[in-house]
Amino acid sequence: MSGFSTAEAVDMGDSAVNTGGVCRQFRRQSNCKSFAKRLAIEPNNIGQAFLVISDELFQDGITWSRIIALYALAGRLALFYKERKMNSNAEEVPYHLKSCIRRISPFVRKHGGWCAVSSTQKFLVQQHITTSKHQANKQLNSKQRQLFLTQPTTSNVRSEFNIDLCRSLISADIPLYKLKNKVFREFLEKYTQHTIPDESTLRKTYAPSIYDETIQKIRDEIKDSSIWVSIDETPDKEGRLVGNVVIGLLSEQYSERILLHCDVLEKCNNKTIVKLFNEAMGILWPKGIMYDNVLFFISDAAPYMVKAGQALSVVYPKLTHFTCVAHAFHRVAEVVRDNFLK
């Protein structure tokens, strides 16, 4: 925030008696350098930056002109990110602006609401709306508007591409953040002739629907069949304990193992394992867990796993708990290695 001064913000707000004045102030402040860029707002610090901006703008009082200046700055900042293809950051600007709106809401209500604008100001706004420049910008914005996936327009092709791209990356175990690689993005854009979405767009908008599709396929495959369940935990690269629930059909024919559920465990004990087990069964049978259809529980021989198996046997009447023999051999080998280092 080193590039932003209180005096600049206040002078800019007080001297802007109408929307055109605010625009002129920003153009003077920009002068080939984006005013938003001068704020030195980091993408991961947008929320805190807006709080600092509002504090500086309104430290001497709230006025209509300063409110307009805040909105104009938010628009400039969103455009700054949009021009640099940082779409996810541009979409976060309105969200963080809401925290500032809460602060000015009492002032707005006290002065008659958002429609309480003088006749002079209203005339200037209406006059500005009729200008050719405003109409041209309005037309440009209508072409660039982000559409919903369900809207019947040509954007559905792009949306279908996005979901296929997301599905392909996930299926190939390619992390979505790889789309940040400039060479990879250029390659995809060149040979697909599509605009490649931001990684956060795929993660927030498309990955959940792919997850729902996958879970539904698992439900359709399992239905009301008998299953076995295996649980194991492993630390990830950040040191978090991640519990994994794998299931499979119990039938005469071979069936693929299915990773049903993953979750971060606060602690690794019998209570968290039982909770993870029940959550997984709830995902598989959302309308009601089929307790009699869970026949085998396979895990390592850790004491907390044994205790979890005993607890689960009470709820799942036909459940039999098996501890992995390979894990027992591994523990024996560890003891031998510790005692015979050479």
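Trainee: Where is the place of Lys 223 in this structure?
Mentor: This is a predicted model. Helix α11 covers residues 199-222, and strand β1 covers residues 227-235. The place of Lys 223 is in the loop between α11 and β1.

Trainee: Is Lys 223 buried or exposed?
Mentor: A residue counts as exposed over 50% relative accessible area. Lys 223 has 55% relative accessibility, so Lys 223 counts as exposed.

Trainee: What is phi of Lys 223?
Mentor: Most residues other than glycine have a negative phi. Lys 223 is not a glycine, yet its phi is positive. The value for Lys 223 is near 55 degrees.

Trainee: Which loop holds Gln 193, and what is its phi?
Mentor: Gln 193 is found in the loop between α10 (182-192) and α11 (199-222). With a relative accessible area of 66%, Gln 193 is exposed. Gln 193 is not a glycine, but its phi is positive, at about 60 degrees.

Trainee: Which residue takes a positive phi in the hairpin of β1 and β2?
Mentor: Strand β1 (residues 227-235) and strand β2 (residues 241-249) run antiparallel and are joined by 9 bridges. Their hairpin has 5 residues between the strands. The residue there with a positive phi, near 85 degrees, is Gly 239.

Trainee: Is Glu 233 buried or exposed, and which side chain does it join in a polar contact?
Mentor: Glu 233 has its place in strand β1. The cut-off for buried is under 20%, and Glu 233 has 17% relative accessibility, so it counts as buried. A polar contact of 2.7 Å joins the side chain of Glu 233 to that of Tyr 304.

Trainee: How many aromatic pairs are there, and what is the distance, centre to centre, between Phe 277 and Phe 297?
Mentor: The count comes to 5 aromatic pairs. One of them is formed by Phe 277 and Phe 297, with 85 degrees between the planes, which is edge-to-face. This pair links helix α12 (residues 270-284) to strand β4 (residues 294-299), and its two residues are 20 residues apart. The distance between Phe 277 and Phe 297, centre to centre, is 5.4 Å.

Trainee: Why is the pair of Phe 277 and Tyr 316 edge-to-face, and how many residues apart in sequence are the parts it ties together?
Mentor: Planes over 60 degrees apart count as edge-to-face. The planes of Phe 277 and Tyr 316 are at 70 degrees and the ring centres 5.1 Å apart, so this pair is edge-to-face. Phe 277 lies in helix α12 and Tyr 316 in the loop between α13 (303-315) and β5 (320-323), so the parts tied together are apart in sequence by 39 residues.

Trainee: Which residues do ring pairs link into a cluster, and is Tyr 291 buried, exposed or partly exposed?
Mentor: Ring pairs link Phe 277, Tyr 291, Phe 297 and Tyr 316 into a cluster. Both Phe 277 and Phe 297 are buried, and Tyr 316 is buried with a relative accessible area of 0%. Tyr 291, found in the loop between α12 and β4, has a relative accessible area of 34% and is partly exposed.

Trainee: What accessible area do Tyr 291, Val 314 and Val 315 have together?
Mentor: Tyr 291, Val 314 and Val 315 form a nonpolar patch on the surface. Together their accessible area is about 280 Å².

Trainee: What separates the C-alpha atoms of Asn 270 and Pro 303?
Mentor: Asn 270 has its place in helix α12 and counts as buried at 18% relative accessibility. Asn 270 and Pro 303 are 33 residues apart along the chain. Their C-alpha atoms are separated by 8.4 Å.

Terms used: Residues numbered from 1 in each chain as written. Predicted model: local features only at pLDDT ≥ 70, side-chain atom pairs only at ≥ 80, totals over all residues. Heavy atoms only, no water. Phe/Tyr/Trp six-rings, centres within 6.5 Å; stacked < 30°, edge-to-face > 60°. Helix = DSSP H or I, 4+ residues; strand = E, 2+ residues; numbered from the N terminus. Buried < 20%, exposed > 50% of the residue type's maximum accessible area, 1.4 Å probe, protein only. Patch = residues over 30% accessible without salt bridge, like charges linked within 9 Å, V, L, I, M, F, W, Y side chains within 5 Å. Areas by Shrake-Rupley, 256 points an atom, 1.4 Å probe, with all protein chains shown as cover. Salt bridge = Lys/Arg side-chain N within 4 Å of Asp/Glu carboxyl O. Pairing = 2+ DSSP bridges. Polar contact = N/O pair within 3.5 Å; in protein donor to acceptor, adjacent residues only side chain to side chain.
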